[in-house]
Number of protein chains: 4
Amino acid sequence: MHFASDNSGPVHPQILQALTEANSGYAMGYGDDAQMETLRQTLRELFEAPDAVIYLVATGTAANSLALATLSQPYQTVFCSSVAHIHEDECNAPEFFSGGAKLTLVPGGDKMTPQALRNSIEGEETRGVHGPQRGPVAISQVTERGSVYSLDELQALCAVAAEFDLPVHLDGARFANAMVSLGCTPAEMSWKAGVDAVSFGGTKNGCMGVEAVIFFDPKHAWEFELRRKRGAHLFSKNRYLAAQMLGYLKDGLWLDNARNANANCDYLAEGLRKAGAEFLHSPDANMIFASLPRATHQKAFAAGASYHLWDGSLEGPEDALVGARYVCDWSIGHDQIDQLLALL
Amino acid sequence: MHFASDNSGPVHPQILQALTEANSGYAMGYGDDAQMETLRQTLRELFEAPDAVIYLVATGTAANSLALATLSQPYQTVFCSSVAHIHEDECNAPEFFSGGAKLTLVPGGDKMTPQALRNSIEGEETRGVHGPQRGPVAISQVTERGSVYSLDELQALCAVAAEFDLPVHLDGARFANAMVSLGCTPAEMSWKAGVDAVSFGGTKNGCMGVEAVIFFDPKHAWEFELRRKRGAHLFSKNRYLAAQMLGYLKDGLWLDNARNANANCDYLAEGLRKAGAEFLHSPDANMIFASLPRATHQKAFAAGASYHLWDGSLEGPEDALVGARYVCDWSIGHDQIDQLLALL
Amino acid sequence: MHFASDNSGPVHPQILQALTEANSGYAMGYGDDAQMETLRQTLRELFEAPDAVIYLVATGTAANSLALATLSQPYQTVFCSSVAHIHEDECNAPEFFSGGAKLTLVPGGDKMTPQALRNSIEGEETRGVHGPQRGPVAISQVTERGSVYSLDELQALCAVAAEFDLPVHLDGARFANAMVSLGCTPAEMSWKAGVDAVSFGGTKNGCMGVEAVIFFDPKHAWEFELRRKRGAHLFSKNRYLAAQMLGYLKDGLWLDNARNANANCDYLAEGLRKAGAEFLHSPDANMIFASLPRATHQKAFAAGASYHLWDGSLEGPEDALVGARYVCDWSIGHDQIDQLLALL
Amino acid sequence: MHFASDNSGPVHPQILQALTEANSGYAMGYGDDAQMETLRQTLRELFEAPDAVIYLVATGTAANSLALATLSQPYQTVFCSSVAHIHEDECNAPEFFSGGAKLTLVPGGDKMTPQALRNSIEGEETRGVHGPQRGPVAISQVTERGSVYSLDELQALCAVAAEFDLPVHLDGARFANAMVSLGCTPAEMSWKAGVDAVSFGGTKNGCMGVEAVIFFDPKHAWEFELRRKRGAHLFSKNRYLAAQMLGYLKDGLWLDNARNANANCDYLAEGLRKAGAEFLHSPDANMIFASLPRATHQKAFAAGASYHLWDGSLEGPEDALVGARYVCDWSIGHDQIDQLLALL
């Protein structure tokens with residue numbers, strides 16, 4: 001009953017297999033390997049973006065921070081949701097990599113609305129040289145609370161950014177889960193909607209530790225490479241990052257994994273709903289934020305379930321509602337979910 | 001005939017095997033996994049340092065930069081060899097992670113002498129608040145030119161640092177190769193000699209991508225953790241870093257790999273010597289810097305050999321001497337060396 | 001009719017006179033001059049703080065940023081009002097000087113309440129290494145909206161900080177105006193209330209460009225000196241900063257100037273009140289934020305008045321209320337105020 | 001007998017007078033004052049550069065660091081003399097403001113030669129993404145050892161930079177002293193020679209604390225303004241910086257002061273030469289580096305002379321040569337020099 005995170009499950013066997021197959025003979029380091037070249041072509045085709053430049057790093061924070069640093073200046077501010085991963089869970093990494101840029105938290109909760117984004121942007125640069133300047137817009141898709149922006153919503157946010165001539169970064173740590181949820185193409189959920197750069201996640205969906213950073217405009221290439229090296233995120237044995245990502249993309253594994261996770265999440269959500277849970281956010285992909293009586297959580301934890309209590313602890317009145325986060329990773333199955341639901 | 005780098009060879013099968021074995025079930029992320037706990041104990045025993053704190057990152061640059069940032073202040077300067085990796089090959093990563101500290105290059109070539117180090121240290125802090133303040137001493141063992149400091153030399157450098165109350169960092173990207181060369185213990189080559197923090201390399205000696213950072217004084221623990229996270233070098237699936245390192249240490253594989261590399265390097269050096277090569281540095285571990293006539297290099301490259309020309313190119317007078325770097329990784333064998341030597 | 005800012009008026013003649021008197025013969029640079037030594041003693045006595053260390057810089061942003069950088073770490077967050085000068089008007093200087101620390105905006109408007117501050121502090125460090133760590137609390141006295149914390153309020157905020165063992169910085173760009181408003185001593189409004197470091201402003205109250213940074217604990221001394229030099233804020237001809245500040249403190253000029261500004265502000269507030277203005281904040285010192293019909297502003301501007309419209313412009317419906325900021329500097333007099341009021 | 005520094009003397013009365021005259025009525029802050037506008041026109045005419053953008057800061061370190069930060073990227077290296085002020089006397093300010101760029105010290109002593117500069121530039125960017133990238137060339141005129149590059153030398157250095165498409169910054173803390181020494185125009189010693197940005201010093205030549213930063217290409221304007229504000233170097237009461245600089249330029253005072261300092265330096269050099277001093281560098285402007293027997297220094301210091309011993313102390317064998325630095329500021333006269341020479 002492991003619903004703590006989509007990074008606590010194992011690596012998908014097909015990806016381990018790809019690592020094993022890559023492990024023969026010599027390969028040039030630092031991205032000049034043959035697998036990386038194949039991966040570049042594969043991702044360019046997938047994204048219908050022949051000019052895109054593509055880089056690999058091993059953590060989502062690295063992907064986000066390096067992409068944002070490349071798109072921003074240190075005297076600017078990045079517009080993001082007030083619960084964005086880059087704000088809450090990266091220990092000032094975006095500020096560090098950008099050289100001290102600020103994050104402006106768009107009010108209104110998990111999902112940004114175009115109007116709230118516009119208000120935030122208009123609220124900056126009202127003081128000339130005294131305040132931070134407007135910088136990139138950062139969107140998380142899937143959001144931090146498990147919701148997914150529709151393509152219309154995504155386009156509307158990007159349109160606001162474009163009005164002010166600001167670049168857009170998409171934190172796609174759960175890119176596949178969002179795409180499967182929307183039933184769209186990679187291009188539709190990125191450059192066709194107005195996105196300039198994507199963190200294309202692999203780690204949370206079955207890889208060992210690999211994220212691609214994709215810029216649709218190649219002008220960012222060399223600066224990104226230098227920032228990646230300077231940030232100590234250039235791997236000498238890059239072929240093992242490329243192999244993971246190739247194994248992940250092969251035969252649609254990435255989509256299968258995401259479909260599996262999302263479907264199991266639906267199944268769990270249905271069960272929780274029946275058990276009377278109150279949903280705090282729309283569970284559009286593979287994460288559920290829901291409240292249940294404390295007694296239920298006590299029972300589940302006692303039985304060995306693993307997930308995060310979101311706004312409270314196991315101690316207190318038994319009938320009080322306590323929010324929890326349940327994440328379904330690619331490897332979860334009905335058996336574990338049924339086991340959990342049986343406890344509710 | 002691959003002598004380009006010790007990061008271009010494959011991962012040792014035992015380490016891949018360890019990854020495969022680690023790939024089962026759920027594990028807490030970010031270093032709270034069982035393998036990491038085992039690894040901590042293993043390394044503490046190996047280093048005879050029960051209080052040491054131990055962290056994993058995936059690149060040598062990350063290990064060095066994060067360790068130095070933890071040991072320094074942004075208004076200080078780090079003392080290092082003028083050809084140190086942190087100076088020449090990390091694209092300003094130490095400056096970035098430290099918040100703008102300087103590197104003071106100790107004159108005199110690859111290996112620092114205690115006297116040259118002392119002169120450099122004494123040369124700083126002569127201007128009060130106007131110049132940078134004295135910061136950590138950074139030693140590479142194996143050096144960038146393939147030499148190894150004797151324990152006496154290491155102790156002498158550390159003694160100079162201690163006189164000025166400066167911490168010492170050891171860049172041990174090739175820690176095993178140096179240790180095997182000296183025939184000493186890990187403790188002798190680190191804290192017993194006066195070293196405060198070590199980058200303990202795995203990647204160049206058969207791992208996929210993992211380096212341990214070891215602080216012998218646990219006071220640095222929490223700051224390092226925060227700097228690692230802020231630097232985007234905390235892995236969610238840390239168990240796969242720990243598994244690599246455990247596989248690397250198991251049954252002395254790390255020493256076997258290093259012994260193999262060093263022995264093959266000796267064998268190659270012997271052959272080069274016979275062929276009339278001039279050695280630019282003492283080949284104490286698994287790297288050789290030597291000069292040969294350009295015609296010899298032309299012949300070798302034409303036959304498919306792979307290594308770096310150090311101070312010249314294939315074009316020019318045939319009889320001119322051109323320096324080259326030959327690196328023996330753990331996987332190289334006599335057959336490849338013989339093949340190369342046959343061309344000389 | 002100049003109410004635009006307290007930095008647009010002239011330097012008080014007594015301060016210019018002090019500069020002239022300081023302008024004779026040679027003096028050691030960089031703070032080793034005799035006037036600086038006198039100033040140190042003067043401020044230590046004024047603040048009843050014999051161990052305090054005292055430094056001069058020329059801008060308020062430098063004073064705030066350097067003090068906060070000294071009190072914080074780059075992986076921390078600074079707690080401040082959502083309209084603090086350090087957030088809105090320093091173009092990311094605190095982020096820059098601190099090496100990328102974050103600012104956490106305490107909700108609730110201009111003045112922080114102890115409860116809101118506590119909530120914000122408790123909201124951080126809930127994610128271990130993933131989120132920023134708790135850093136200094138930054139209080140503005142006078143606030144950015146012209147209010148003054150009572151000593152009780154100040155103590156209560158500092159008590160919350162102390163509970164979490166966080167240092168407190170006081171942005172006293174208008175220190176004298178606040179002190180005069182409260183009728184308290186410098187010590188009462190700083191260390192006796194629980195403040196660790198003060199930006200003691202001179203520029204806005206009649207100086208040419210000088211602010212003192214005061215740390216009540218001398219342990220911060222050398223780090224601050226290095227950060228000041230590294231930030232390019234160490235003046236070679238420091239005597240002219242010291243002379244300004246001595247001229248400012250001499251014979252209570254600083255208090256006279258502040259009393260004059262505050263009294264004139266009261267007089268203006270009274271007039272505005274009679275004219276039907278709605279006050280947006282309590283005008284406790286020398287600044288007024290008030291709304292008046294647009295037509296009134298149009299008339300005032302047409303007659304040459306100078307002040308900032310806060311939330312609107314001169315164009316629009318004549319009877320709509322438009323907020324404005326009126327600042328009384330030390331040099332303003334009843335004549336100018338009467339002139340303005342006559343237009344309402 | 002004050003020869004310690006050109007920042008220990010008084011402010012020239014004409015400049016104090018300019019401050020006094022500026023001290024009337026209200027003026028917009030932050031550079032929007034009338035005096036600044038006049039100054040811009042004055043400097044553009046002086047430099048024959050109608051498109052130049054011009055900013056004021058209060059310290060030389062600020063001028064240098066902000067200019068270099070604007071011309072560089074954090075993954076680059078700045079080429080400078082191994083004794084440059086930006087390397088030795090700014091406590092890592094260039095590294096701080098640039099976000100961690102490196103300084104590459106061109107070998108060969110105080111003055112860079114075109115060949116040594118070329119070698120240094122060619123030595124970088126030989127390692128692709130691994131090493132720092134080539135950044136600006138920084139030239140000090142007057143040099144740190146009191147020498148002056150001829151126009152030919154200056155042009156030759158700039159030509160090397162131009163070959164590699166690198167911008168050139170001129171640290172003109174003693175711009176006037178160099179210009180007077182060469183007998184050239186401001187344009188000849190800057191953009192006509194190939195310089196892109198100048199720190200135009202005032203502080204060392206009679207001002208209280210003001211330096212102009214001049215970019216001949218206006219494309220740098222807005223970035224510089226933001227960096228200056230973020231660095232806390234934007235003065236609210238900018239008119240007092242502008243007034244100093246206007247007073248400095250008025251009726252050729254800046255050239256008179258420099259001529260006076262240089263002439264007195266010649267006079268002192270002549271006297272030292274007669275007294276048997278060995279000159280360590282060519283005293284081309286207002287600084288002398290020369291060796292004299294220790295006994296002479298002992299006598300001079302005992303008599304109250306003030307200057308820096310460069311490579312030794314007052315203690316030791318009496319007849320040993322000890323190097324010293326003598327600086328003549330604008331206010332020094334023959335009487336003090338004669339007094340010093342009488343002691344030799």
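**View 1. Pairing of strand 8 and strand 9 in chain B of the predicted model**. Strand 8 (residues 278-279) and strand 9 of chain B run antiparallel and are joined by two bridges. Strands are DSSP runs of E with at least two residues, helices are runs of H or I with at least four, and both are numbered from the N terminus; two strands pair if DSSP finds at least two bridges between them. B:Phe279 has B:Ala290 of strand 9 as its bridge partner. Residues are numbered from 1 along each chain as its sequence is written, and chains are lettered from A in the order in which they are written.

**View 2. Strand 9 and strand 11 of chain B**. Seven bridges link strand 9 to strand 11 (residues 321-327) in the antiparallel sense. B:Leu292 is opposite B:Val322 of strand 11. In strand 9 (residues 287-293), six of the seven residues are buried (under 20% relative accessible area, with exposed over 50% and partly exposed in between; 1.4 Å probe, protein chains only).

**View 3. Surroundings of D:Gln133**. D:Gln133 belongs to strand 4 (residues 133-140) of chain D and counts as buried because its relative accessibility is 6%. A polar atom of its side chain lies 3.1 Å from the backbone oxygen of D:Gly128. Beyond neighbours within four places in sequence, the contacts (heavy atoms within 4.5 Å) of D:Gln133 include A:Trp222 and A:Leu226 from chain A, and D:Tyr75 and D:Glu125 from chain D.

**View 4. Interface of chain A and chain B**. Contact involves 47 residues of chain A and 47 residues of chain B. The two chains bury about 4100 Å², 61% of it on carbon and sulfur atoms; buried area is the accessible area (1.4 Å probe) lost when two parts are put together, summed over both. Of the area that chain A buries here, A:Tyr26, A:Phe96 and A:Lys237 supply 21%, more than any other three residues. The rule finds zero salt bridges (a side-chain nitrogen of Lys or Arg within 4 Å of a carboxyl oxygen of Asp or Glu).

**View 5. Interface of chain B and chain C**. Each chain brings 17 residues to the contact. About 1600 Å² is buried, 68% of it from carbon and sulfur atoms. Helix 9 (residues 221-230) of chain B gives the most to the chain B side, with seven residues.

Technical notes
Predicted model: local features only at pLDDT ≥ 70, side-chain atom pairs only at ≥ 80, totals over all residues. Heavy atoms only, no water. Polar contact = N/O pair within 3.5 Å; in protein donor to acceptor, adjacent residues only side chain to side chain.
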